[in-house]
Amino acid sequence: MKGHDGLLWIGTYNGLACLDPHKNTLINYMNRNNLLPGQIVSSLFESSDGRIWTGTSEGLFCCDKRKEAFTRFTVHDGLPSDVICGMEEDERGNIWIS
């Protein structure tokens with residue numbers, strides 16, 4: 001997924017990476033090339049506030065790039081399932097997930 005800032009976010013069967021296509025290098029967020037190691041990433045979405053939302057088979061992760069922090073949401077937080085397949089934002093800024 002290409003973000004508003006031009007960075008490429010790459011979801012894999014072993015985590016999440018961020019590539020700067022202008023420098024052709026991986027970005028070291030939180031001093032790591034591989035974010036969310038061990039997670040199977042099935043969907044990526046950037047919300048209007050610049051946060052990167054990552055759907056996995058083990059929940060939903062929200063990356064706040066400014067704080068360089070992830071927040072994880074699961075069934076324990078009210079999701080009906082930990083398997084996240086897709087996301088979309090409505091005109092009010094609400095994130096809808098499937």
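**View 1. Asp64 and Ala69 face each other across a strand pair.** Asp64 stands opposite Ala69, a residue of strand β7. The model is a predicted one: local features need pLDDT of at least 70, side-chain atom pairs count only at pLDDT 80 or more, and totals for chains, interfaces and linings use all residues. Residues are numbered from 1 along each chain as its sequence is written, and side-chain values use heavy atoms, with hydrogens and water left out. Strands β6 and β7 run antiparallel, joined by five bridges. Strands here are DSSP runs (E, at least two residues), while helices are runs of H or I with at least four residues; both are numbered from the N terminus. Two strands count as paired if DSSP finds at least two bridges between them.

**View 2. The turn between β6 and β7 holds Glu68.** The two strands form a hairpin with four residues between them. Glu68 lies in this loop. Its phi is positive, about 50 degrees, although Glu68 is not a glycine. Glu68 is partly exposed, with a relative accessible area of 37%. Buried means under 20% relative accessible area, exposed over 50%, and partly exposed in between (1.4 Å probe, protein chains only).

**View 3. Phe70 sits in β7.** Strand β7 covers residues 69-73 and includes Phe70. Is Phe70 buried, partly exposed or exposed? Phe70 is partly exposed, at 22% relative accessible area. Ile84 is 14 residues from Phe70 along the chain, and their C-alpha atoms are separated by 16 Å.

**View 4. Three strands make an open sheet.** The order is β1-β2-β3, with antiparallel pairing. β1 (8-12) and β3 (25-26) stand at the edges; each has a single partner strand, so one side of each is left without a neighbour in the sheet. Two bridges link β2 and β3 in the antiparallel sense. Leu19 has Leu26 of β3 as its bridge partner.

**View 5. Asn24 lies in the loop between β2 and β3**. Asn24 is not a glycine, yet its phi is positive, about 55 degrees. Asn24 is exposed, with a relative accessible area of 62%.

**View 6. Nine residues make up the largest nonpolar core**. They are Leu7, Trp9, Leu16, Cys18, Leu35, Leu36, Ile52, Phe61 and Cys63. A nonpolar core is a set of buried Ala, Val, Leu, Ile, Met, Phe, Trp, Tyr and Cys residues joined through side-chain atoms within 4.5 Å. Another core, of seven residues, lies apart from it; Phe45, Trp53, Cys62 and Leu79 are among them.

**View 7. Contacts gather around Ile52.** Contact means heavy atoms within 4.5 Å. Leaving aside neighbours within four places in sequence, Ile52 is in contact with Met1, Trp9, Leu44, Phe45, Glu46, Phe61, Cys62, Cys63 and Lys65.

**View 8. The whole chain gives the setting.** The protein has nine strands and zero helices. Its C-alpha trace spans about 40 × 30 × 20 Å along the principal axes. Of the 98 residues, 39% count as buried. Among contacts between residues at least 6 apart in sequence, 35% join residues at least 24 apart. The protein exposes about 5900 Å², and carbon and sulfur atoms supply 51% of this area. Accessible areas come from the Shrake-Rupley method with a 1.4 Å probe; for residues, only the protein chains shown count as cover.
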